Amino acid sequence: MPALTIINGVCSVKINKMVEQSAFLEGLLTCSLKDYIKGNINRNNHHILLFLDSAGIHSVSGELIKVLLINRLSIILIADERNIFLKNSCRKELPFEYIPENFSHREFRETVIRHVDQRVWNDRTMVFGDLEIERAYREVRFCDEVLDIKGFSYMILLMLAEHTGEVVSREAIIQNLPGRKRSSLRNIDTHIKQIRQNKGMEQLIRCVRPIGYCLAPDPLYQNT
């Protein structure tokens with residue numbers, strides 16, 4: 001499956017960065033509204049949503065509305081709850097949803113998932129800078145090189161990727177494995193060691209004693 005892309009039409013520098021960072025933590029790509037309008041986009045990626053704030057909404061022309069309708073793209077409006085104009089301006093032309101300016105990452109994720117087919121979401125290629133996880137084929141790449149991460153090691157890495165930036169406990173990881181692999185927490189450490197032996201992974205998979213492990217987003221985000 002292709003990577004999923006968020007169109008970031010937010011003009012506020014602060015909120016634009018929030019959208020970009022939240023998208024990154026979910027393994028989603030972002031492109032600017034300007035690049036989308038000009039066609040400067042990767043046609044192999046799947047564009048799913050357009051995020052706009054009160055200033056960005058003025059960039060939505062009638063022609064763009066037609067394109068959005070054809071491509072079945074919804075608009076996510078980011079604004080203060082008191083801004084009634086934003087809630088009503090696109091109601092007749094486009095499907096849209098509203099989230100507050102101070103949205104949390106959880107709100108971002110839940111909003112995106114509501115607008116993406118579950119099969120597409122589950123099979124998408126997750127992109128974290130140089131690290132790509134192609135879920136449909138259970139393949140992991142770093143700097144375009146396929147890594148030797150398979151089986152239970154892949155399952156563990158995927159779980160960490162689904163919680164990028166968060167510490168995932170050994171207990172939570174082991175509960176995600178098949179019953180025959182739950183006999184010892186040492187199994188987790190063995191698989192983590194195998195993952196970290198691959199190119200680039202040693203600096204990305206961090207041990208947080210005595211809790212568990214974390215896929216560190218900072219080194220990856222700096223390379224986007």
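The side chains of lysine 17 and glutamate 20 are joined by a salt bridge with an N to O distance of 3.5 Å, the term being used here for a side-chain nitrogen of Lys or Arg within 4 Å of a carboxyl oxygen of Asp or Glu. This is a predicted model, in which local features need pLDDT of at least 70 and side-chain atom pairs count only at pLDDT 80 or more, while totals for chains, interfaces and linings use all residues. Side-chain values use heavy atoms, with hydrogens and water left out, and residues are numbered from 1 along each chain as its sequence is written.

Lysine 17 and glutamate 20 lie three residues apart in helix H1 (residues 13-25), and are therefore separated by about one helical turn; helices (H or I, at least four residues) and strands (E, at least two) are DSSP runs numbered from the N terminus. Lysine 17 is partly exposed at 38% relative accessibility, as is glutamate 20 at 26%, where buried means under 20% relative accessible area, exposed over 50%, and partly exposed in between (1.4 Å probe, protein chains only).

Glutamate 145 and lysine 199 also form a salt bridge, their closest N and O atoms being 3.4 Å apart. This pair links distant parts of the chain, 54 residues apart, with glutamate 145 in strand S9 (residues 145-146) and lysine 199 in the loop between helix H9 (186-196) and strand S11 (205-208).

Salt bridges that share partners join Glu132, Glu134, Glu139 and Arg141 into one network. Within it, arginine 141 meets glutamate 134 at 2.7 Å, N to O; arginine 141 is buried at 15% relative accessibility, and glutamate 134 is buried at 13%.
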